[in-house]
Amino acid sequence: MYKRLRAFAYQQLGPYKPEHGNLTGANCLIVTVILVSLLMFTLESDPDYHFHDTFLLELLTFIILTVFAVEFFARLFAAGHAEEYRGVRGHLLYLRHNWALVTVDLLAFAPELVFILLGMPPPTWFRTLRVVRIFKLTRYMSGVDLIFEAVKEICSLPHTTSSSCRPPLAGAGQ
């Protein structure tokens with residue numbers, strides 16, 4: 001049962017490959033929630049709309065944050081379906097290999113959800129963190145994979161010492 005649930009989660013949330021066809025149902029839900037979240041952010045920012053401090057806004061915000069939190073932990077759970085990401089070490093490797101997406105996923109929900117769960121209103125500047133949710137869409141755009149791969153490759157290069165980065169002194173070696 002556990003393995004079937006993990007396989008299903010992996011099928012729904014695993015790496016998106018445009019060549020395999022359309023988005024899965026879970027990924028369609030996530031994209032829809034991201035777009036609704038961005039629409040809410042826009043409406044909240046417009047003073048002509050009286051969408052501020054309403055029960056509907058609070059409810060939708062809590063639902064969106066909950067969906068993002070469930071997605072985050074479901075992705076961690078599903079990652080173990082791939083052989084290289086099994087076990088605790090495998091999950092840590094998954095976090096390391098996917099650090100950019102994991103960071104975006106965490107920033108999309110964690111700070112604001114912590115305040116809400118503590119019963120405290122999040123500071124108004126926290127709303128700017130909602131813009132990070134745009135980057136969650138990058139998971140579904142194939143061209144962005146190239147950017148993430150380039151960043152990963154650059155980050156994995158051995159660091160050079162500061163002396164090897166300096167230009168040669170004038171007249172040195174002559």
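Trainee: By class, how many nonpolar, polar and charged residues does the lining of the largest cavity have?

Mentor: Six nonpolar, no polar and three charged. Here Ala, Val, Leu, Ile, Met, Phe, Trp, Tyr, Cys and Pro count as nonpolar, Asp, Glu, Lys and Arg as charged, and the others, Gly among them, as polar. A cavity is a set of points on a 1 Å grid over the protein atoms alone where a 1.4 Å probe fits but cannot get out, and lining residues have an atom within 4 Å of a point. One thing to keep in mind: this is a predicted model, where local features need pLDDT of at least 70 and side-chain atom pairs count only at pLDDT 80 or more, while totals for chains, interfaces and linings use all residues. Residues are numbered from 1 along each chain as its sequence is written, and side-chain values use heavy atoms, with hydrogens and water left out.

Trainee: Which residues line the largest cavity?

Mentor: Leu107, Ala108, Phe109, Pro111, Glu112, Phe126, Leu129, Arg130 and Arg133. Five of the lining residues come from α5, the largest share. Helices are DSSP runs of H or I with at least four residues, strands are E runs of at least two, and both are numbered from the N terminus.

Trainee: What volume does the largest cavity have?

Mentor: About 40 Å³, counted as the space filled by probe spheres set on the grid points, which are joined across faces, edges and corners. The whole structure has three cavities of 30 Å³ or more.

Trainee: Back to α5, then. How many residues does α5 have, and how far does α5 reach?

Mentor: Helix α5 covers residues 99–117, which is 19 residues, and spans 25 Å from first C-alpha to last, close to the expected 27 Å. That expected span is 1.5 Å times one less than the number of residues.

Trainee: Where does α5 bend?

Mentor: At Leu107, by about 35°, with Pro111 following within four residues. The bend is the angle between axes fitted to the seven residues ending there and the seven starting there. Just after the helix, Gly119 has a positive phi of about 75°.

Trainee: Which residues of α5 are buried?

Mentor: Among them are Leu101, Val104, Asp105, Ala108, Phe109 and Glu112. Buried means under 20% relative accessible area, exposed over 50% and partly exposed in between, with a 1.4 Å probe and protein chains only. Ala108, Phe109 and Glu112 are also in the cavity lining.

Trainee: And Arg133, buried or exposed?

Mentor: Arg133 is buried, because its relative accessible area is 4%. Arg133 sits in helix α6, residues 133–136. Val33 is 100 residues away in sequence, yet the two C-alphas are 9.8 Å apart.

Trainee: New topic. Which residues touch the most other members of the largest nonpolar core?

Mentor: Ile34, Phe68, Tyr94 and Phe109, out of 23 residues in that core. The elements giving two or more residues to this core are α2 (25–45), α3 (55–79) and α5. The largest share, eight residues, comes from α3. A nonpolar core joins buried Ala, Val, Leu, Ile, Met, Phe, Trp, Tyr and Cys residues through side-chain atoms within 4.5 Å.

Trainee: What about Leu5?

Mentor: Leu5 is in α1, residues 2–13, and counts as partly exposed because its relative accessibility is 47%. Its C-alpha lies 9.7 Å from that of His81, 76 residues along the chain.

Trainee: Last one: how many helices and strands does the protein have?

Mentor: Eight helices and zero strands. Of the 174 residues, 32% count as buried.

Note on methods:
1 Å grid on protein atoms, 1.4 Å probe; cavity = no way out; pocket = protein on both sides within 12 Å on 5 of 7 lines; lining within 4 Å.
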